[in-house]
Amino acid sequence: MPEGPELHLASRFVNEACGGLVFGGCVEKSPISRNPEVPFESSAYRISASARGKELRLTLSPLPGAQPPQEPLALVFRFGMSGSFQLVPRDMLPPHAHLRFYTAPPGPRLALCFVDIRRFGHWDLGGEWQPGRGPCVLLEYEQFRENVLQNLADKAFDRPICEALLDQRFFNGIGNYLRAEILYRLRIPPFEKARTVLEALQQRRPSPALTLSQKIRAKLQNPDLLELCHSVSKEVVQLGGKGYGPEIGEEDFAAFRAWLRCYGMPGMSSLQDRHGRTIWFQGDPGPLAPKGGKSHKKKSKGLQQGPEDRTEDPPPPSKAPSRTRRARRGLPEQTTAQQPKGTSLQQDPEAPPVTEKGRGGGNLVLSDTTDPKDEA
C-alpha cells in the first residue's frame with residue numbers, strides 16, 4: 001500500500017503533470033463512492049499538491065476573473081490500500097476513478113482522477129492534516145525525532161518495535177515494507193520492546209572531541225533507527241517512477257523490487273503481529289513474538305511475485321462459512337456492511353484491521369487497527 005514515499009511522489013506527479021494545465025467546471029464524484037461530495041465549481045482553476053506523511057493535500061485555486069467567484073478549496077487524501085492519481089484523456093476514464101477534475105477548453109480535454117480499486121481511500125474537505133498524526137518522517141525529520149524521544153513513556157512503546165513503527169502519531173509515513181527494511185538494516189528483532197530500542201537513542205551523543213566532519217561521517221556510517229526512518233524513505237523517493245506494482249510499469253516495479261532487501265524476499269522469515277500484519281525479518285524475532293506464532297521462511301522458488309504479494313498482507317483465512325456452504329445451510333450471504341470494522345485509531349489506517357497503487361499515484365492510524373472512516 002502507499003506509504004510516505006509514495007504520497008510524496010504522488011504530490012510531485014500532480015504538480016509536474018498539472019502545473020501547466022487549467023481546469024474548469026465541477027468536480028465530479030463517482031456515485032458509488034461513500035466519500036463526501038466536493039462542492040467546487042469554477043470556469044478556470046489550477047491544481048497543486050503537497051504531502052505530509054501518509055496524507056496528500058490537493059489545492060484548487062481559481063484564476064483571477066473565474067466564474068462563479070470561488071475561494072480556493074483544499075482536500076486532504078489518504079490513499080488506503082490502492083489509491084493513486086492518474087491524468088488521462090477525458091473520454092478514457094480508468095475504472096474506479098472515484099473523483100475527477102476536468103481541464104477547461106481549449107486544448108485536449110484531460111481528467112485528473114483519484115483512482116482507488118479497493119475503495120479504502122478517503123478525502124476530507126477543508127485541507128487540514130488529520131489531527132493526531134506526528135511530524136512527517138521525510139520532510140520534518142528533526143520534529144519527528146523529538147516527538148518520538150520526548151514521548152517514550154507512551155504505552156505505544158510497550159509494544160514490539162515492529163508494531164510501534166506503524167503508529168502514525170509517532171511514525172507518520174512508515175508502513176509495512178518500510179518497517180521491515182529499516183529493522184533488517186539494523187538487525188533489530190521485530191518483536192523487541194520498542195522502548196528498549198529507542199531509549200538507547202536518548203543517550204547517544206557524539207564525542208565532543210570529534211570535528212564536525214567526523215561527526216557527520218560517523219552519523220552516516222552508523223545511523224540509528226530514527227535516522228533510517230528518514231533516509232530509507234528518501235531512498236524510495238529517489239527511485240522515482242510512478243509506482244511499485246507491475247500494472248504501473250515493469251520498469252518502475254523492477255527498480256523497487258531490486259531495492260528491497262527484506263520485505264517479501266527469499267530467505268526471510270515472517271510472522272503476523274497482533275493485528276494480522278505480516279512482518280518480514282531475518283534471525284530471532286525477539287522476546288515479544290506472539291506465543292504460538294509460527295514463523296514462515298520465504299523460499300527462493302517463486303521469486304517472481306505478483307503485485308498483491310508484495311504490496312499487502314493477505315487477510316487470514318475467513319472463519320465464516322463459504323458462499324456455497326451458506327447456501328447449503330440456508331444461511332443469508334454476508335454483505336460488506338455486515339462485516340466487522342476495526343475501531344482503534346492506533347494503527348496504520350490504510351490497512352484493513354486483519355491484514356499499497358503507487359508512488360506516482362496515502363489514512364489515520366495512529367497504530368495497527370483501523371478507523372472505519374479511513375476504510376470507507
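Author: Happy to! A residue counts as buried under 20% relative accessible area, as exposed over 50%, and as partly exposed in between, using a 1.4 Å probe and the protein chains only. This is a predicted model, in which local features need pLDDT of at least 70, side-chain atom pairs count only at pLDDT 80 or more, and totals for chains, interfaces and linings use all residues. Residues are numbered from 1 along each chain as its sequence is written, and side-chain values use heavy atoms, leaving out hydrogens and water.

Let us start with Leu183, which belongs to helix α4 (residues 176-186); helices here are DSSP runs of H or I with at least four residues, strands are runs of E with at least two, and both are numbered from the N terminus. Leu183 has a relative accessible area of 3%, so it is buried. Beyond its neighbours within four places in sequence, Leu183 touches Ile161, Cys162, Leu165, Ile188, Pro190 and Leu225, where contact means heavy atoms within 4.5 Å. Its C-alpha atom is 9.5 Å from that of Gln282, 99 residues apart along the chain.

Now for the helix pair. Helix α2 (residues 141-149) packs with helix α7 (residues 225-239) at about 145 degrees, their axes 10 Å apart; axes are lines fitted to C-alpha atoms over the stretch in contact, and angles run from 0 to 180 degrees between N-to-C directions. From α2 the contact draws on Tyr141, Phe144, Arg145, Val148 and Leu149, and from α7 on Leu226, Glu227, Cys229 and His230.
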